[in-house]
Amino acid sequence: MAFFGAIQDYSRKRGEADSAKVDFVELFFDLVFVFAITQISHLLLHDLSLKGLVESALLLLAIWWVWVYTMWCTNWLDPATPPVRAMLFVLMLAGLVLSTSIPTAFGARGLVFASAFVFMQLGRSVFMVWVLRHHNQANYRNYLRITIWLAVSGSFWIAGGFAEPEYRLVFWAIALGIEVVGPALGFWTFGLGASSTGEWDVDGEYMAERAALFVIIALGESILVSGATFADQEWNFISFSAFLTTFVASVAMWLVYFNVGQSAGHHKIAATDDPGRIARMAYTYVHILLVAGIIVVAVSDELVLAHPTGHSSAATIWTSIGGTALYLAGNLLFKFYIAGRPPLSHMIGLGLCAILAFFAAGLSPLVLGALTTGILIIVTIWEYFGQVEADNPVEH
């Protein structure tokens, strides 16, 4: 009987003290994705063409989807139990293989990347079917649907791995599209119907904390890139100014997300009657924009540190301004979904990015980086004092 389904229930115990706490093994698991994000940022840095951007975006989406599907699993399962820990360790090993193959995923190691990805996605889903069968029928049926969807997408991943590099992008885009659309459609499957967000008994506090930790992972990678680049340079006033600019940008990005948005999202999802709906949109879909923005800004930081003087190249301009705008847009969508209205500070920030783009070519990379950092600081201060005023209205 244990072969067809786990006899013991390995689910998280809800309603107890620290029941939503992120376990140390989950943080250990996340270390793989620090490496993965570093690999993607380096891949983009070495190919700043449209082709490089598209390929990097697809690989980032794939990495994010592996992580976010695992986040949903550990929302339901107790990572302190031996089988769940073993599952995470196996996924870590496969994740390392996946991450090391990123630089040549569209070259010689395409099949390695695809095989590792499919193993992680399908293997985790089959494990969930086994764990849930005798203990959570609604979620068991949900994971039957997910397994079928991932088996279909997996065939395209493997086909892309065998395909010539020029056709690989098409197969993998189809595969990724299937996996991205799945949650939005409730993983509708013939004979099994569709899942509803009401059946997704998620812990809102846990989901908010896990998503926030991934944002910290991405920001940490940005700081590591800046520190490593600065360490290899000749130290002078210009190089130190560039390093200071990139560091302040990372701090400002942290503040834009954590000053208001993260806590608001945490309270919103914890208080709602349908946390699965918010988790699906706000934390599964929207947060990828935040991570993408951080990675693009990390690339611009490295470009600024490497060549702080002279005129800004097209690559420096679009990574610096584009990355900042992408990060602000992701935060705007997240806060709009949580609060029901877009923050004015973020719209002003996006407007300033658009204005800056008109005369960026005449600026040095250092000045350009300082101005985009200034935009993030303006957004942070504006939003902070706006929130303080909203929390403490003046009585007349």
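## Exercise 1: The packing of H1 with H7

In H1, Glu26, Leu27, Phe29, Asp30, Phe33, Val34, Ile37, Thr38, Ser41 and His42 meet Tyr206, Arg210, Leu213, Phe214, Ile217, Ala218, Glu221 and Val225 of H7, where contact means heavy atoms within 4.5 Å. The model is predicted: local features need pLDDT of at least 70, side-chain atom pairs count only at pLDDT 80 or more, and totals for chains, interfaces and linings use all residues. Residues are numbered from 1 along each chain as its sequence is written, and side-chain values use heavy atoms, with hydrogens and water left out.

**Task.** Classify the residues of the contact of H1 with H7, and state how the two helices are oriented.

**Solution.** 

Step 1. The contact of H1 with H7 comprises 11 nonpolar, three polar and four charged residues. Here Ala, Val, Leu, Ile, Met, Phe, Trp, Tyr, Cys and Pro count as nonpolar, Asp, Glu, Lys and Arg as charged, and the others, Gly among them, as polar.

Step 2. Two packed helices are described by the angle between their axes and the distance between the axes. For H1 and H7 the angle is about 45 degrees and the axes are 9 Å apart. Axes are lines fitted to C-alpha atoms, for helices over the stretch in contact, and angles run from 0 to 180 degrees between N-to-C directions.

Step 3. H1 and H7 are therefore oblique to each other. Angles under 35 degrees count as roughly parallel, over 145 as roughly antiparallel, 65 to 115 as roughly perpendicular and the rest as oblique.

Step 4. H1 and H7 cross in a right-handed sense. A crossing is right-handed if the near helix is turned clockwise from the far one by less than a right angle, and left-handed if anticlockwise.

## Exercise 2: Two further helix pairs

**Task.** Determine how H1 is oriented to H2, and how H3 is oriented to H4.

**Solution.** 

Step 1. Helix H1 (residues 24-46) and helix H2 (residues 50-76) cross at roughly 170 degrees, and their axes come within 9 Å. H1 and H2 are therefore roughly antiparallel to each other.

Step 2. On the H1 side, the contact is made by Glu26, Phe29, Asp30, Phe33, Ala36, Ile40, Leu43 and Leu44. Among the residues on the H2 side are Gly52, Leu53, Ser56, Leu59, Leu60 and Trp67. The contact of H1 with H2 has 12 nonpolar, four polar and two charged residues.

Step 3. For helix H3 (residues 82-100) and helix H4 (residues 110-132), the packing angle is about 165 degrees and the axes are 8 Å apart. H3 and H4 are therefore roughly antiparallel to each other. H3 passes H4 in a left-handed crossing.

Step 4. The H3 residues in this contact include Pro83, Val84, Met87 and Gly95, while those of H4 include Val112, Phe113, Met120 and Arg124. By class, the contact of H3 with H4 has 15 nonpolar residues, one polar and one charged.

## Exercise 3: The chain as a whole

**Task.** State how many helices and strands the chain has, and what share of its residues is buried.

**Solution.** 

Step 1. The chain has 12 helices and zero strands. Helices (H or I, at least four residues) and strands (E, at least two) are DSSP runs, numbered from the N terminus.

Step 2. Of the 396 residues in the chain, 53% are buried.

Key
Buried means under 20% relative accessible area, exposed over 50%, partly exposed in between (1.4 Å probe, protein chains only).
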